[in-house]
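Biologist: Can you take me through this one? I'd like to go piece by piece.

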Amino acid sequence: MLDPHDWKQRLNALLSRLVEESISAEELSELEEILEEYPDAQQHYLHYLGLHVDLQHSKSLDAAPAGSGATGSKVRRIAFLAGAAAAIVLAIILFIQPGPAEPSSIARIVKLSGAIVWTGDGGKMVNSLNAGDLIKGGTLETLAANSWAEIEFLDGSTIWVSGSALLTLSDGEQGKFIHLRRGDLSADVAAQPAGKPLRLMTPSAEAEVLGTQFNITAGPDSTRVSVNEGLVSVERLADGSVQEVPANHLVVAALEKQSEFKAIPHGVPGFPWSSIEGWQSQFPRDVRRGDLQLPVAQYPMRLRAKSCLWIEEGREPDLHYSVNIGVSATSRVPVRLSENARFRVRGRMTSSNRVLFGFRGNYLRGGFAGKYFSWRDVDVSGHPDGNFELDIEVAKMTPQRNYFPASPVGLEIFDCWALTHEERAGLEIISVELIGAE
Amino acid sequence: MDPAAEFVRLWTRHQAEVERYVYMMIPRAVDAGEVIQEVSVKLWEKWERYDQSRPFVPWAKKFAWLEVLKWRQKQARERLVFSSSLLEKINAAHEEEEPVMEIRRRALKNCLTKLNPQERKWVKLRYGRHGAVKQEAERTGVRLHKLYYALEKIRGQLLECVGRTMRKEGWSDA
């Protein structure tokens with residue numbers, strides 16, 4: 001049995017590796033042993049992880065350091081706290097301002113949809129943002145797959161964030177800074193002052209941008225940067241190597257060093273804008289959401305719908321069962337919707353049901369354009385395996401909002417999804433194909 | 001109030017707290033996020049049964065706990081997950097700790113002001129901006145593991161400080 005001092009020291013080392021997500025399987029076993037053996041260690045574990053989470057959310061890191069006011073008599077301490085409280089109240093009042101811009105506002109909400117929470121730098125949480133609101137630095141979280149927001153910095157640089165995403169924004173003396181912890185972001189960046197590029201961080205990469213249009217998808221293990229205009233300098237954090245990504249090129253930066261880290265062209269060289277109009281899903285490469293089912297007997301590899309709750313203030317929560325499949329999001333070539341394009345969706349269900357098929361379109365030269373959908377009554381009663389095939393004309397799909405372009409033709413398709421509202425329908429998608437102009 | 005609107009209001013307000021609870025059991029952000037999505041589904045499915053005269057968070061945590069166990073079962077063959085018996089123990093310890101968590105948070109705020117400028121800088125780098133620790137290591141030529149060791153020590157110091165503050169305020173278990 002270890003001396004309490006010894007296990008605490010060892011425990012701290014293991015917990016440090018745990019919260020930094022660098023713990024090995026052997027170390028985790030060791031941690032388990034300590035936690036199992038010493039009840040006090042369990043309490044220590046909770047304190048340590050609680051401290052880590054609190055530090056992640058702490059807004060006190062900018063507070064006055066030791067000796068600058070939090071000492072002295074009780075009366076002085078109360079006065080200090082009252083002053084701090086007044087400052088916080090003032091900060092809260094100033095975070096969301098429907099009125100004209102003040103110098104310290106950094107951006108404006110242009111449009112938004114779905115459940116979105118904004119936390120200003122002072123820690124005040126706001127979940128009723130509106131188009132036109134001015135914001136200062138803080139964190140934006142789009143909570144559901146159907147959420148999205150368009151944000152315009154005061155210099156006209158615009159970002160679009162979509163799906164479940166978490167990002168922190170700031171703009172100060174060092175220039176603009178965006179920390180995309182997860183999710184999809186598209187940016188159209190106005191020319192930035194010399195020496196003050198817009199810096200964008202993700203869990204696995206850092207990008208510096210002086211003025212360009214690019215799309216970025218940040219996952220826990222890798223970041224995909226696709227540049228449409230200008231030049232973006234991308235650093236892979238795993239080894240500090242840097243790639244200059246020019247227009248019409250993309251790069252994938254993983255958290256490990258083994259995979260290729262090299263800017264590659266979007267598509268066919270020689271075209272002013274390279275894109276393709278035909279596309280076929282490939283699993284597991286294109287899986288963004290859903291339970292992948294391995295091939296069994298006559299059934300090929302397929303993606304089973306997972307439960308998902310869309311929440312949005314002022315609307316009833318929408319519980320459904322969905323899959324999400326990356327198109328341009330996971331392909332090395334942007335996929336463009338042509339005039340007569342149509343989707344061929346193959347899948348299976350255990351019972352007949354209504355199925356919604358939808359996709360997200362981006363403007364080909366960057367920026368979120370809209371979401372489009374089509375409902376279909378799918379009858380599988382005559383098919384012993386429950387197989388179905390849908391043929392959906394892109395031009396006839398409905399925009400989710402009336403301010404999205406009426407026709408998605410010409411847009412880049414970023415990702416697509418299929419859903420039902422019935423769990424027992426057992427929706428599985430075998431493949432999605434985009435058939436271009438013929 | 002419309003029950004659906006009340007659900008949206010309570011869930012958006014308390015999601016972070018439930019996330020924190022799940023993270024204690026599943027200390028990998030991406031896995032915890034998946035579980036939270038499942039929790040939100042379950043809460044909505046059971047919403048009709050929720051007694052609105054009772055607090056929302058404990059009710060939500062019951063479902064979160066079940067989802068943690070379900071996740072654990074699915075990951076049974078993975079080596080990087082805690083055993084079910086340990087999860088039970090952590091969950092029980094969490095219940096005991098819950099009443100003092102807010103007090104600990106307040107104590108931490110005060111303890112942060114006691115860090116020296118260098119320590120504050122490390123904490124700000126680590127928690128303020130992802131990747132900044134590595135950048136700083138490159139800039140200063142200090143080896144990365146030394147910076148992480150420094151952070152480990154600072155977290156230890158902060159824990160000690162929070163414990164001392166709690167004891168001063170009469171919390172004997174801290």
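Biologist: Which are the buried residues of α2(B)?

Modeller: In α2(B), the buried residues are Asp31(B), Ala32(B), Val35(B), Ile36(B), Glu38(B), Val39(B), Ser40(B), Val41(B), Leu43(B) and Trp44(B). A residue is buried if 20 or more other C-beta atoms lie within 10 Å of its own, exposed if 12 or fewer, and partly exposed in between, with C-beta atoms placed from the backbone. Before we go on: this is a predicted model, where local features need pLDDT of at least 70, side-chain atom pairs count only at pLDDT 80 or more, and totals for chains, interfaces and linings use all residues. Residues are numbered from 1 along each chain as its sequence is written, while chains are lettered from A and ligands numbered from 1 in the order in which they are written.

Biologist: What covers the buried residues of α2(B)?

Modeller: The cover includes β21 and β22 (318-326) of chain A, together with α1 (3-25) and α3 of chain B. Helices (H or I, at least four residues) and strands (E, at least two) are DSSP runs, numbered from the N terminus.

Biologist: How many residues has helix α2 of chain B, and what does it reach from first C-alpha to last?

Modeller: Helix α2 of chain B, residues 29-45, has 17 residues and reaches 25 Å, close to the 24 Å expected at 1.5 Å a residue. The expected span is 1.5 Å times one less than the number of residues.

Biologist: And the rest of chain B? How many helices and strands are there?

Modeller: Chain B has seven helices and zero strands. Of its 174 residues, 28% count as buried. Among contacts in chain B between residues at least 6 apart in sequence, 62% join residues at least 24 apart. Two residues are in contact if their C-beta atoms, placed from the backbone, lie within 7 Å.

Biologist: Where in chain B is confidence lowest, and where highest?

Modeller: Confidence in chain B is lowest in helix α6 (residues 132-140), at a mean of 74, and highest in helix α3 (residues 56-74), at 93. The chain B average is a pLDDT of 86, and 93% of the residues score at least 70. pLDDT is the predictor's confidence in each residue, from 0 to 100. For the complex, the predictor gives an ipTM of 0.89 and a pTM of 0.68.

Biologist: On to the interface. How many residues of chain A are in contact with chain B?

Modeller: 52 residues of chain A are in contact with 54 residues of chain B. On the chain A side, the elements that give two or more residues are α1 (4-19), α2 (25-37), α3 (39-57) and β21 (306-310). α3(A) gives the most, with 13 residues. By class, that side has 31 nonpolar, 13 polar and eight charged residues. Ala, Val, Leu, Ile, Met, Phe, Trp, Tyr, Cys and Pro count as nonpolar, Asp, Glu, Lys and Arg as charged, and the others, Gly among them, as polar.

Biologist: At what angle do α3(A) and helix α7 of chain B pack?

Modeller: α3(A) and helix α7 (residues 144-168) of chain B pack at about 110 degrees, with their axes 10 Å apart. That makes α3(A) roughly perpendicular to α7(B). Angles under 35 degrees count as roughly parallel, over 145 as roughly antiparallel, 65 to 115 as roughly perpendicular and the rest as oblique. Axes are lines fitted to C-alpha atoms, for helices over the stretch in contact, and angles run from 0 to 180 degrees between N-to-C directions.

Biologist: Which residues in α3(A) and α7(B) meet?

Modeller: His47(A), Tyr48(A) and Leu51(A) meet Arg155(B), Leu158(B) and Leu159(B).

Biologist: Now chain A. How many helices and strands?

Modeller: Chain A comes to four helices and 29 strands. Of its 438 residues, 41% count as buried.

Biologist: Is Ile159(A) buried or exposed?

Modeller: Ile159(A) counts as buried because it has 27 C-beta neighbours inside 10 Å. This residue is found in strand β7 (residues 158-172) of chain A. Ile159(A) touches Ile151(A), Ile178(A), Leu185(A), Ser186(A) and Ala187(A), not counting residues up to four places away in sequence. Its C-alpha is separated by 5.6 Å from that of Ser186(A), 27 residues apart along the chain.

Biologist: What about Gln213(A), buried or exposed?

Modeller: Gln213(A) is buried, with 21 other C-beta atoms within 10 Å. It is found in strand β11 (residues 213-218). Gln213(A) and Asn228(A) are 15 residues apart in sequence and 5.4 Å apart in space, C-alpha to C-alpha. For His249(A) and Asn228(A), the values are 21 residues and 7.2 Å, C-alpha to C-alpha.
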